[in-house]
Amino acid sequence: MTLKAVKTRIYPDSQQQTKIIANFGYCRFVWNQLLDMQIQRHDNGGRYVNEFGMNYLIKSLKQEFTFLKAAESTSLLHVSRDLHHAYQKLFKEHRGFPKFKSRKFPKQSYQCNSVNHNIQVTNACCLKLPKLGKVRFKCGQAVSGKIKNVTIRLSATGKFYAVLLVDTDTQELPKTNNTVGIDMGVADLMITSDGIKYPTIRFDKILSKKKHYWEKRLARRRLQAQREIAWDQHNKAPEPRELSDFNNYLKAKRMVAKYNEKIANQRNNYLHNLSKQLVEQYDLIKIEDLKTKNLLHKHKLARAIANQSWRKLRSQLEYKCAWYGKQLVNVNPRKTSQICSNCGFDDGKHTLDVREWTCPKCGINHDRDINAAKNILSA
Ligand SMILES: [Zn+2]
């Protein structure tokens with residue numbers, strides 16, 4: 001059995017939307033209350049309250065703030081779990097301090113557990129969700145297996161999603177007896193030891209004109225709105241406006257978010273395609289450990305995109321290999337670009353501008369990246 005996350009777009013009616021948005025608010029309220037309590041305790045020299053302690057506190061919050069009784073109860077327990085995880089990251093990995101949550105944050109979500117079959121796919125277009133009842137949904141794949149929990153999300157573009165965590169049986173893919181080594185690059189995202197190069201596609205560039213059009217409008221409209229807000233304050237207006245009261249500003253913000261979402265979706269689809277192809281074609285996939293990867297520092301954005309894509313591709317390969325009965329191996333990339341994959345001769349360090357070289361010992365001409373991929377394969 002394996003856990004799979006299935007993301008589906010949902011179409012709640014206006015009543016259901018109101019309930020969802022209210023529940024975002026309850027979770028945010030509880031998060032902020034718990035966080036405030038932790039901070040105050042800390043300031044008074046008290047100890048950190050763990051997840052169970054926070055769950056207990058939620059009970060008293062419910063008594064003090066009776067509106068919380070309308071909340072989906074397991075979603076509040078997820079809040080203390082999330083906050084606990086945030087604190088664990090702070091303690092163990094020295095990440096940033098947990099932040100208070102704002103109503104204005106463009107993405108909102110809450111998570112609830114499956115209790116007594118309250119999360120169910122009732123037919124091809126209906127999903128039963130806790131506290132909401134039947135919600136229309138659209139999903140590209142069949143949902144099969146036991147549903148463990150659901151995350152309800154509102155995107156920055158105003159679309160609702162349900163992410164179902166499903167315990168499911170996955171069929172292993174047929175064995176091919178093929179092994180591959182993969183080198184990761186910037187211009188070419190992935191180079192295989194079979195000599196195939198998969199380019200980095202700059203989806204951001206493809207949509208940049210349209211996105212830029214709205215970014216310019218967003219900047220101008222924000223400035224205009226801020227001027228009017230300042231005017232309100234200066235004249236002590238009875239009902240001072242906020243940024244969220246300016247509809248044309250909000251529209252521009254939504255449009256920028258829409259293009260960002262499009263770019264992210266296209267990039268994700270591309271990566272999912274690549275990782276799927278790899279697990280279908282190969283039984284053993286050897287991939288370089290990226291921690292020590294030295295990179296061109298001048299192309300900052302290209303590098304950041306490559307970096308993010310590698311991490312995504314790696315995590316996709318990790319879970320897809322586990323699902324489909326394939327194997328993923330990390331290889332130390334040391335010297336992979338200077339050793340001849342044919343005879344093993346060490347030609348010394350090649351600077352990054354050396355795209356191809358000839359081995360002085362066996363005379364073979366190497367493409368730098370393909371040679372590196374072959375070394376990763378034989379490592
Ligand atoms: Zn050689």
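Q: Where is Lys335 found?

A: Lys335 is found in the loop between β12 (327–331) and β13 (356–358). Strands (E, at least two residues) and helices (H or I, at least four) are DSSP runs, numbered from the N terminus. This is a predicted model, in which local features need pLDDT of at least 70 and side-chain atom pairs count only at pLDDT 80 or more, while totals for chains, interfaces and linings use all residues. Residues are numbered from 1 along each chain as its sequence is written, and side-chain values use heavy atoms, with hydrogens and water left out.

Q: Is Lys335 buried, exposed or partly exposed?

A: Buried means under 20% relative accessible area, exposed over 50%, and partly exposed in between (1.4 Å probe, protein chains only). Lys335 has a relative accessible area of 33%, so this residue is partly exposed. Asn177, in the loop between β7 (160–168) and β8 (179–184), is exposed because its relative accessible area is 72%. Lys320, in helix α7 (residues 300–324), counts as buried because its relative accessibility is 6%.

Q: Which residues is Lys320 in contact with, leaving aside its neighbours within four places in sequence?

A: Contact means heavy atoms within 4.5 Å. On that basis, Lys320 is in contact with His272, Ser275, Lys276 and Val279.

Q: Which protein donors does the zinc ion have?

A: Donors are N, O and S atoms within 2.8 Å of the metal (3.2 Å for Na, K and Ca); water is not among the atoms, so sites may look incomplete. Here the SG atoms of Cys340, Cys343, Cys359 and Cys362 are the protein donors, lying 2.3 Å from the zinc ion. Along the chain their spacing is C-x2-C-x15-C-x2-C. Cys340 lies in the loop between β12 and β13 and Cys359 in the loop between β13 and β14 (365–367), so this pair ties together parts that are 19 residues apart in sequence. Both Cys340 and Cys359 are buried.

Q: Why is the arrangement around the zinc ion tetrahedral?

A: Four donors count as tetrahedral if all angles lie between 85 and 135 degrees. The four donor atoms around the zinc ion subtend angles of 107 to 113°, and therefore the arrangement is tetrahedral.

Q: How many residues does the largest nonpolar core have?

A: In soluble globular proteins, nonpolar side chains tend to be buried together. A nonpolar core is a set of buried Ala, Val, Leu, Ile, Met, Phe, Trp, Tyr and Cys residues joined through side-chain atoms within 4.5 Å. The largest one has 38 residues, and Ile10 and Leu34 are among those with the most contacts inside it. Helix α1 (residues 14–43) supplies the largest share of this core, eight residues. A second, separate core of 36 residues includes Tyr270, Leu290, Leu317 and Tyr324.

Conventions. Four donors count as tetrahedral if all angles lie between 85 and 135 degrees; four count as square planar and six as octahedral if opposite donors are over 155 degrees apart and all others between 65 and 115; anything else is irregular.
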